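Work through the exercises below with the sequence and the model open. Try each task before reading its solution.

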Amino acid sequence: MGYAGYAPGNKVADSLTPLQQALRSLPLEHAQEILDLIEKLTRNVVRNPGEEKFRSVKLTNKTIAAAIEAAPTMVDVMQEMGWVRDGDCLVLPPSIRLAHEVHVVGVIDAKDHFKKEAENEHRRKLRAGKAADADKEELLRKMDLDRQEKQADGPVTQGSVAKKLGEGPNIMALATSASARAAAADAKRPSSDAVRRGEAAGLDGPAAAVKAVAAAASASFFSDPRDGEALRSDLRLEDPPCPGTTRSTCR
């Protein structure tokens, strides 16, 4: 089983004892306080090897439970020392003897290890912070250069000008002309009702048609009926005389 991120077969890991590897498996941010607690428990046993109260640790104890929650591998360290789990307790069997030169010194060495690791981590953060500050300074420098260039160019005094497109057809004029031609064509085609009304008035087919054209033009193009009458007068839309009769007798 590897500890402290060391892979199996790693030379550094192989040079460490199982207890040292277990001690270095603790998380860096909680290592010192967990090691202080383990050192206290270990020293109590070393100083009082026959005292049963020092050879049993309740996992439900507030301090112990908080330590294990922060660093679950603490249980692995205790078991590597010889503690065994018994229900909600860790118990040190009578056959296990903790030695100062092995177990206490091992904890002290682990403290030194984590102290150096904390210093290295602090230096890494400082270097990372300096790199970030350097990037920030470079960005600010570029922004300042851009601002100076804009100031050198002076303020913008001329707005954008619409570009004139090439000569093209007047769409509105074309649409209006097309509508007028369509209306004129419709006016030249009198409805059958208009023709029938002309015939009922005594006009033959052509006269009825011409009169219908004038009526349609008058209705379609002039809002004032007098304009339509003027058009009819200009076209001289008068009833033709009946063959062989005078105008008065034809009507």
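A contact here means heavy atoms within 4.5 Å. The model is predicted: local features need pLDDT of at least 70, side-chain atom pairs count only at pLDDT 80 or more, and totals for chains, interfaces and linings use all residues. Residues are numbered from 1 along each chain as its sequence is written, and side-chain values use heavy atoms, with hydrogens and water left out.

**Exercise 1. The whole chain**

Task: State how many helices and strands the protein chain has, and in what order the elements run.

Solution: 
- Take helices (H or I, at least four residues) and strands (E, at least two) as DSSP runs, numbered from the N terminus.
- The count is 11 helices and 3 strands.
- From the N terminus, the order reads α-α-α-β-α-α-β-β-α-α-α-α-α-α.
- Now take the contacts with a separation of 6 or more: 58% of them join residues 24 or more positions apart.

**Exercise 2. A helix pair**

Task: Describe how α3 and α4 pack.

Solution: 
- α3 (residues 31-47) and α4 (residues 62-70) pack at about 135°, with axes 10 Å apart.
- The pair is therefore oblique (under 35 degrees is roughly parallel, over 145 roughly antiparallel, 65 to 115 roughly perpendicular, the rest oblique).
- On the α3 side, Ile 34, Leu 37 and Leu 41 meet Thr 63, Ile 64 and Ala 67 of α4.
- By class, this contact has 5 nonpolar, 1 polar and no charged residues (Ala, Val, Leu, Ile, Met, Phe, Trp, Tyr, Cys and Pro are nonpolar; Asp, Glu, Lys and Arg charged; the others, Gly among them, polar).

**Exercise 3. One histidine**

Task: Is His 103 buried or exposed?

Solution: 
- Locate His 103 in helix α6 (residues 100-153).
- Its relative accessible area is 11%, so His 103 is buried (buried is under 20%, exposed over 50%, partly exposed in between; 1.4 Å probe, protein chains only).
- His 103 touches Leu 19, Thr 42, Met 81, Arg 97 and Leu 98, not counting residues up to four places away in sequence.
- For the 251 residues of the protein chain, the buried share is 24%.

Notes: Axes fitted to C-alpha atoms, helices over the stretch in contact; angles between N-to-C directions.
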